[in-house]
Amino acid sequence: MNNFEFYSPTDFVFGRDAELRAGDLVKRFGGSRVLLVYGGGHAVRSGLIDRVKQSLTEAGVGLTELSGVMPNPTDEIVYKGIEAGRAQQADLVLAVGGGSTIDAAKAMAAGIPYEGDFWDFYAGKKTIDFALPIGVVLTIPAAGSEGSGNSVVTQVSSRKKVSLRTPYWLRPKFALMNPELTYSLPAYQTAAGATDMLAHIMERYFTNTPHTEVADAVGEGVMRTIIDVTPRVLAAPDDYDARATLMWCGTLAHNGICGTGNEEDWASHGLEHELSAFYNVTHGAGLAVVFPAWLTYMSQHHPAKLHKWAKNVWQADSPAEGIARFKAWLRSIGMPTTLKELGIDNFDLETINNHVHETKGEVFGAYLPLDKERTRAIYQLMQ
């Protein structure tokens with residue numbers, strides 16, 4: 001096990017009507033002028049935004065709204081949020097939504113007090129040394145952004161989808177988590193979210209670090225729970241306990257606890273970010289295509305950890321059987337496992353393969369470092 005620092009200060013308020021405490025939590029963490037960030041659509045039609053605004057108003061909190069955050073958020077919406085936040089002199093950013101909204105809100109929280117271009121942080125030119133506090137009302141269990149310091153934003157001009165990891169400044173101060181808010185999620189979105197959760201754990205689980213028994217056991221337990229509960233949620237969307245279990249799995253999958261002491265990989269996310277940046281596919285669905293291909297490649301070139309994963313997560317006797325059971329499970333919940341099933345009929349392998357290395361570098365990934373030859377082979381396995 002490696003040395004590590006685990007910083008997780010988020011106040012999780014979990015359960016029915018959690019969103020009604022928005023005003024109290026904003027005040028607790030020093031907020032008086034909130035930039036309220038959300039996508040729109042169902043959050044508005046369901047009355048959620050009105051309930052959150054009422055809670056803020058009753059607590060005496062001023063607010064400015066920014067709606068319109070879309071999946072795979074871009075720098076364009078972040079610049080709008082920064083402008084709105086500065087005009088209001090916001091002192092806290094409150095995101096209502098899922099991972100995309102939260103990630104965009106984190107970028108705004110870093111960019112509002114920064115005198116330069118917020119993209120400096122994502123391009124690696126600057127390090128965040130201050131950000132506004134962030135709060136979350138979670139509506140989509142998937143990305144785990146409500147409990148992590150990570151943020152992913154796409155730069156439109158370059159099509160670079162970049163992940164920024166800043167646990168100290170970008171981890172939300174609080175997250176309000178009401179499983180009932182997820183009842184109306186479409187089945188596809190629920191399944192994609194569950195796939196994203198599994199991927200977050202596997203990016204940490206597949207490590208060359210020895211003696212990671214504690215993190216492995218935690219990760220295996222959460223993975224088995226996701227595998228078990230997702231079909232139950234899809235069969236009965238208003239099953240509160242099943243929804244609650246899946247929602248909490250999403251947080252545990254990405255708050256860092258499953259990777260303590262590990263050298264993490266994150267190559268599969270890098271490969272998928274190209275798919276969602278170029279073809280605007282749902283991130284979790286993209287991972288459903290990427291990860292089986294990555295696992296298949298690793299079973300031939302670096303199978304060490306795959307035996308344990310196959311046995312302890314899928315009760316399989318070999319990596320090949322574990323991968324087959326994983327793919328069968330993905331199909332059973334309505335996820336694609338090939339690029340064609342993902343809706344990509346015009347896959348430009350060479351452009352994507354070149355671009356992933358422009359974004360990630362000549363070699364990336366820790367479990368088995370990937371150069372252009374290896375990433376090309378993995379992309380070919382997705383077809």
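This is a predicted model: local features need pLDDT of at least 70, side-chain atom pairs count only at pLDDT 80 or more; totals for chains, interfaces and linings use all residues.

Me: Okay, how many helices and strands does the chain have?
Reply: The chain has 17 helices and eight strands.

Me: And what box do the C-alpha atoms fill?
Reply: Taken along the principal axes, the C-alpha atoms of the chain fill a box of roughly 60 × 45 × 45 Å.

Me: Then how does the radius of gyration of the chain sit against that of a compact globule?
Reply: A compact globule of 383 residues would have a radius of gyration near 21 Å, and the chain has 20 Å, so the value agrees with that expectation.

Me: Switching to the surface, what is it made of, and how are the charges placed?
Reply: The accessible surface comes to about 15100 Å², with 49% of that area belonging to carbon and sulfur atoms. There are 34 positive and 43 negative side chains, and the centres of these two sets lie 1 Å apart.

Me: Now β4, is that strand mostly covered or open?
Reply: Strand β4, residues 92–97, is mostly covered, with six of its six residues buried. L92, L94 and V96 point one way from the strand, while V93, A95 and G97 point the other way, and all of these are buried.

Me: Which strands does β4 pair with?
Reply: Strand β2, residues 33–38, runs parallel to β4 and is joined to it by five bridges, and strand β5, residues 134–138, also pairs with β4 in the parallel sense, over five bridges.

Me: Last one, where is T10, and why does it count as buried?
Reply: T10 is found in the segment before β1, which covers residues 11–14. T10 counts as buried because its relative accessible area is 9%, and the cut-off for buried is under 20%.

Me: What does T10 touch?
Reply: Leaving aside residues up to four places away in sequence, T10 touches E146, G147, R171, P172, K173, F174 and A175.

How values were computed. Residues are numbered from 1 along each chain as its sequence is written. Side-chain values use heavy atoms; hydrogens and water are left out. Helices (H or I, at least four residues) and strands (E, at least two) are DSSP runs, numbered from the N terminus. The radius of gyration is taken over C-alpha atoms; the globule rule is 2.2 Å times the number of residues to the power 0.38. Accessible areas come from the Shrake-Rupley method with a 1.4 Å probe; for residues, only the protein chains shown count as cover. Lys and Arg count as positive and Asp and Glu as negative; His and the chain ends are not counted. The place of a charge is taken as NZ of Lys, CZ of Arg, CG of Asp or CD of Glu. Buried means under 20% relative accessible area, exposed over 50%, partly exposed in between (1.4 Å probe, protein chains only). Contact means heavy atoms within 4.5 Å. Two strands pair if DSSP finds at least two bridges between them.
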